[in-house]
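Reader: I am new to this structure and would like to learn how to read it. Please take the features in turn, with the general idea ahead of the case.

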Amino acid sequence: MFKNFHLLSLLIIVSLIFSGCKKEKSEIPDTDPVEVYKGMDIYILMGQSNMSGRGVMTADDRLEKNPKVLMLTKALKWFPAKNPLHFDTGGAGVGPGMSFGLAMQDANKDMEIGLVPTAVGGTGIDVWKPKAFDITTQTNPYDDAEKRIIEAMKSGTVKGILWHQGEEDSKNQATMGSYMPKLKELVARVRTLVGDPNLPFVVGELGRFKTNLTDFNVILNKVPSEISNTAIATSEGLFDKGDNLHFNTAGANTLGERYAAQMLELQK
C-alpha cells in the first residue's frame, strides 16, 4: 500500500511539472521579434481611419513584402510589416502605410524602414494633444502615440510623419476654422519630441469622392504655405470602398505611394 501511495505521488508530481511546461510554452509567441540595427529610418503614421486603413484585404495583402520594412506592433516589438499595420477599433484594413514603406525602402535600398502606426479611427484633432481623452474610442491618441514614438527612437531616427485626418473636423465650420492653428501646434509638438525642428510632415487630402470635404481640402492645401517643410499628398482620382468615406484598397495603396513621393521631395 505504501509503494502504491508513493507511486501515485510521483505520478502527480510529474504530471504537474509537464502541465506547467505546457502552459509556459503556450505563452511563447510562434515567431520572435526582429532584431534591428540602430540606424533604422523611422516614419510615424498619424491620423484617423483613412490612415489606419479600411481597405478590404486579400490574402496577398496580408503577406510580408520586404524584410527591410518593419512595423512596431501594439506590444512595442518590431516585426516584418504587413497589413493591417494598425490595431485601432473599427476593422483596420489596408491603409497607405504599407505601400509608403515599400516605396521608401525602394528609394533607400540599404536602409531598414520602421513604420510606427498610431492612427485612431474617428478622432478629431482636439484629442491629438497631451492628456486628451477620446470618449468614443476610450483612448488617449496623442499620449499613446508619444509613448510609441519614444520607444521607436531607440532603434533609429524619425525621418518623417504622415498625417491623414480631418473627416471628423470637417463636420462644422467652428472646427474647420480652428483647424490650422491646432495642426501647427501638433507639428511643432512632435518635432520637439523627436528633436528635429524641420522634420518632414506630409498631409494627405481627404477623399475627393465625398464632395462636402472639398472645403476642408482647401484648408489642407494651405499647409505648405503655413508650416515649413510640409507637403500634400493628393487624393485626386482615388475611389472609396463603397461607403463614401474610406479609400478602397487600390486607392489606399496609391495614396501611400504619393505620400512617399512627397516625403522624398521634402528630404532633398
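Author: The protein has nine helices and seven strands. Helices (H or I, at least four residues) and strands (E, at least two) are DSSP runs, numbered from the N terminus. This is a predicted model, in which local features need pLDDT of at least 70 and side-chain atom pairs count only at pLDDT 80 or more, while totals for chains, interfaces and linings use all residues. Residues are numbered from 1 along each chain as its sequence is written, and side-chain values use heavy atoms, with hydrogens and water left out.

Reader: How much of the protein is buried?

Author: Buried means under 20% relative accessible area, exposed means over 50%, and partly exposed is in between (1.4 Å probe, protein chains only). Of the 268 residues in the protein, 47% are buried. Contacts are another way to read the fold; a contact means heavy atoms within 4.5 Å. Among contacts with a separation of 6 or more, 74% are between residues 24 or more positions apart.

Reader: How should I read a helix, and which residues of helix 9 are buried?

Author: An α-helix has 3.6 residues a turn, so residues three or four places apart point the same way. Helix 9 (residues 249-267) has 19 residues and reaches 27 Å from its first C-alpha to its last, close to the 27 Å expected at 1.5 Å a residue. The expected span is 1.5 Å times one less than the number of residues. The buried residues of helix 9 are Thr249, Gly251, Ala252, Leu255, Gly256, Tyr259, Ala260, Met263 and Leu266. Their cover includes strand 1 (40-47), helix 2 (49-52), helix 3 (97-107), strand 5 (156-164), strand 6 (201-204) and strand 7 (230-233).

Reader: What covers the buried residues of helix 3?

Author: In helix 3, the buried residues are Gly97, Met98, Ser99, Phe100, Gly101, Met104 and Gln105. The cover over these includes strand 1, strand 2 (69-72), strand 4, strand 5 and helix 9.

Reader: How many aromatic pairs does the structure hold?

Author: A pair of aromatic rings is described by the distance of the centres and the angle of the planes. Rings of Phe, Tyr and Trp (its six-membered ring) pair if their centres lie within 6.5 Å; planes under 30 degrees apart count as stacked, over 60 as edge-to-face and the rest as tilted. The structure holds five such pairs. One of them joins Tyr43 and Phe100, edge-to-face, at 5.1 Å centre to centre and 80° between the planes. Tyr43 lies in strand 1 and Phe100 in helix 3, so this pair ties together parts that are 57 residues apart in sequence. Both Tyr43 and Phe100 are buried.

Author: The ring centres of Trp128 and Trp163 are 5.7 Å apart and the planes are at 85°, so this pair is also edge-to-face. Trp128 is in the loop between strand 4 (113-117) and helix 4 (141-152) and Trp163 is in strand 5, so parts 35 residues apart in sequence are tied together. Trp128 is buried because its relative accessible area is 1%, and Trp163 counts as buried at 0%. Ring pairs link Trp128, Trp163 and Phe201 into a cluster.

Reader: Where is Leu220, and is this residue buried or exposed?

Author: Leu220 is in helix 7 (residues 214-220), and its relative accessibility of 0% is why Leu220 counts as buried. Leaving aside neighbours within four places in sequence, Leu220 is in contact with Tyr179, Val203, Gly204, Glu205, Leu206 and Ile232. By contrast, Gly177 in helix 5 (residues 173-177) counts as exposed, at 61% relative accessibility.

Reader: Which backbone angles deserve a look?

Author: Most residues other than glycine have a negative phi, and most peptide bonds are trans. Here the peptide bond from Asn83 to Pro84 is cis, with omega near -5°. Pro84 is in the loop between strand 3 (78-80) and helix 3. Leu76, in the loop between strand 2 and strand 3, has a positive phi, near 65°. Asn244 also has a positive phi, near 60°, and lies in the loop between strand 7 and helix 9.
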